[in-house]
Amino acid sequence: MRKKLWASILFGSLGLVVGCGGGSSSSSNPSPPNSSPANVLAITIDGGPTATQSGGAIYTNGVFATATICAPGSNSNCAKVDHLLVDTGSMGLRVLQSAMSSLKLPAVNASNGSAAFNCVSFVDGSFLWGPVQGATVTLGGETASNVPIQVISSSTTNIPTSCSGNNLAHDENTQTLLGANGILGVGLEPTDCGSICSSGATPPDAYYTCSSLPCSPAFISEANQVANPVVMFSKDNNGVIVELPKLSGSAASVNGSLIFGIGTESNNQLSSSATVFTLVCDSFTTIFENQTYVVDPQTCTGGSFIDSGSNGLFFPDVNNSIPVCSSKTPIGDLSSFYCPPSGLSLSATNEDPNNTSTTKKTNFTVDNALNLFTASSSDAAFSTLGGLNPPNYGFDWGVPFFYGVNVYSAIDGQPMPSGLPAGPWWAY
Amino acid sequence: MVRRSMTFASWLMLGIGWLGLSCPALAALGGDLTSVEADRAHLKATSLEVKPAGAYEVHSIQAPGGTIIREYVSPAGRVFAVAWHGPFIPEMQQILGSYFQQYSAALGAKRPYGRRPLNIQQAGLVVQTGGHMGAYFGRAYLPEMLPSDLKADEIK
């Protein structure tokens, strides 16, 4: 759905043209299935891999899981990598080279026949660079074969400036910089890019080949793009459910489950209390402070999304009534977060952009982030952490949204059981 | 479909060029319009339009992959704001120009670990970003240079 939309945006815009010219890197066998069902992957919010190191920093509201990554066709040439950030807002497995240094994986090629490299940028200004390689990926008891993954290069040599912006400080290629051993992107789409990276006039700055230097952008087939590993499972491959327990205030750690598949097993049926929201541009509508944040189908902006990879509830404050934290606090620059004088009880209503009679109201609390981090300096899980999303845009419903609410995320183009709409959609 | 429309676009561009209309283009934040064509070329972007809006102009370009970058230009020819939206984050060094070092330093001070939208509010520079893979947005502006008929919230 997104791919078609982007194609139509490109087409529509061109009509307007008036221009002129890890953790444990030891080799081991994949974990034997434990007593839980095969489609269950344990997840934890525990502060991340650096939290237990001396002077270690805590990754706030980071949801982590472990994967076993093997060379294709091998069950001995493997690395078990813990503390991969579970991200429903992105697609693809991206693992630090240093977290699986003993593992050698085969290259995956771009359309020009040379080994492909991937550059991915995140909203926080960071980027990840490294080769696309094929791997067998085991998550819980489910295994996907020949998954194109991104191996995050330890070296910064040959990173093109269109990826790095000439500032290698933003390359989060170590555990200390990333706060994780990788990212496990299990979002709404099957790959991290889609048709705009496979063909067209000029390839975007996403995939590169480096057969001659500097590395230059290249097209790559959708089959070779860094893939959402869930769609490559032989079953339970149409979505995920993030299950985290209810949390009041904060906690040192929280444990939950990532369930694979929707409506495919006895443990992943759609709950009767869940509301299904179909989407436009992978977004839905939020009504808050008498403003309606609805996605513009032409620009794909203005709507809201649910994202386990965002560590707070981020939303615009049209009245400028909620103070933002200082950039100069004793614990660093907190200006992404809200710092109200006392806890704020708020509510917002999410709405299906294709059916405005489908709505659900969410009550949430935003506390002073500086007070939270100061009073609970050893905690990793915070249920009342909020921050600013730029004006004119909707809600980024991050991890606090997930506490006590099972969130279903159905993947674009995957088979759905009868009675459920085609993906992508969310339900909760 | 895309390829065919590019061909159509190039014919359009040829035609418009022959008519001698002014070229919409991109300059970095705080920069002037003299080096704009080089900057547009750097991003391999296509010019979309120049739209007069009160006492300023908005120049729109589209990078490969579809991200649209909108540059707000004062009557004196200075870029006082840049906004973008689309499937990829634009090359920040290119669009922030001389403000890139200030932006980079602000990123380095962000605490604690955790991915989130960016909100940099400093004297003389505001940078705000958001979105997720496949749909990003953001804006950067120089608050002291905003014209009186433009509210900051309108930059998008």
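Among contacts in chain B between residues at least 6 apart in sequence, what share joins residues at least 24 apart? The share is 43%. Two residues count as in contact if their C-beta atoms, placed from the backbone, lie within 7 Å.

This is a predicted model, in which local features need pLDDT of at least 70 and side-chain atom pairs count only at pLDDT 80 or more, while totals for chains, interfaces and linings use all residues. Residues are numbered from 1 along each chain as its sequence is written, and chains are lettered from A and ligands numbered from 1 in the order in which they are written.

Stay with chain B for a moment. Its secondary structure comes to 4 helices and 7 strands. Helices (H or I, at least four residues) and strands (E, at least two) are DSSP runs, numbered from the N terminus. Along the sequence, chain B reads α-α-β-β-β-β-α-α-β-β-β. Of its 156 residues, 51% are buried. A residue is buried if 20 or more other C-beta atoms lie within 10 Å of its own, exposed if 12 or fewer, and partly exposed in between; C-beta atoms are placed from the backbone.

Now bring in chain A. The contact between the chains takes 60 residues from chain B and 76 residues from chain A. Several elements of chain B each supply at least two residues of its side, among them β1 (46–53), α4 (100–108) and β6 (125–132). The largest share of that side, 9 residues, comes from α1(B). By class, the side of chain B that touches chain A has 29 nonpolar, 20 polar and 11 charged residues. Here Ala, Val, Leu, Ile, Met, Phe, Trp, Tyr, Cys and Pro count as nonpolar, Asp, Glu, Lys and Arg as charged, and the others, Gly among them, as polar.

Chain A itself has 4 helices and 25 strands. Its radius of gyration is 21 Å, close to the 22 Å that the globule rule gives for 428 residues, so chain A is as compact as a globular protein of that length. The radius is taken over C-alpha atoms, and the rule is 2.2 Å times the number of residues to the power 0.38. Along the principal axes, the C-alpha atoms of chain A fill a box of roughly 60 × 55 × 50 Å. Buried residues make up 55% of the 428 residues.

Chain A is divided into domain 1 (25–232) and domain 2 (275–405). These bounds come from an automatic or database domain assignment. The C-alpha centres of the two domains lie 27 Å apart. Across the boundary, 17 residues of domain 1 are in contact with 16 residues of domain 2. On the domain 1 side, the largest share, 3 residues, comes from strand β3 (residues 78–87) of chain A. That side divides into 8 nonpolar, 7 polar and 2 charged residues.

What about the interior? The largest nonpolar core has 156 residues, and those with the most contacts inside it are A:I69, A:L84, A:V86 and A:V95. Strand β6 (residues 127–139) of chain A gives the most to this core, with 7 residues. The core draws at least three residues from each of domain 1 and domain 2 of chain A. A nonpolar core is a set of buried Ala, Val, Leu, Ile, Met, Phe, Trp, Tyr and Cys residues joined through C-beta atoms within 7 Å. In soluble globular proteins, nonpolar side chains tend to be buried together.

Next, the strands. Two strands pair if DSSP finds at least two bridges between them. Take strand β19 (residues 344–352) of chain A, which pairs with strand β15 (residues 285–288) in the antiparallel sense over 3 bridges. There A:T286 stands opposite A:N350. β19(A) also pairs with strand β20 (residues 355–366) of chain A, antiparallel, over 9 bridges. In that pair A:S345 stands opposite A:T365. β19(A) and β20(A) form a hairpin with 2 residues between them.

Strand β11 (residues 239–243) of chain A is mostly covered, with 4 of its 5 residues buried. β11(A) runs antiparallel to strand β24 (residues 407–410), over 4 bridges, and antiparallel to strand β13 (residues 254–260), joined by 4 bridges. A:I241 stands opposite A:Y408 in β24(A) and opposite A:I259 in β13(A).

Finally, 4 strands of chain A form an open sheet of mixed pairing, in the order β17-β23-β18-β22. Its edge strands, β17 (305–306) and β22 (386–388), each pair on one side only. β17(A) runs parallel to strand β23 (residues 396–397), with 2 bridges joining them. A:F305 has A:D396 as its bridge partner in β23(A).
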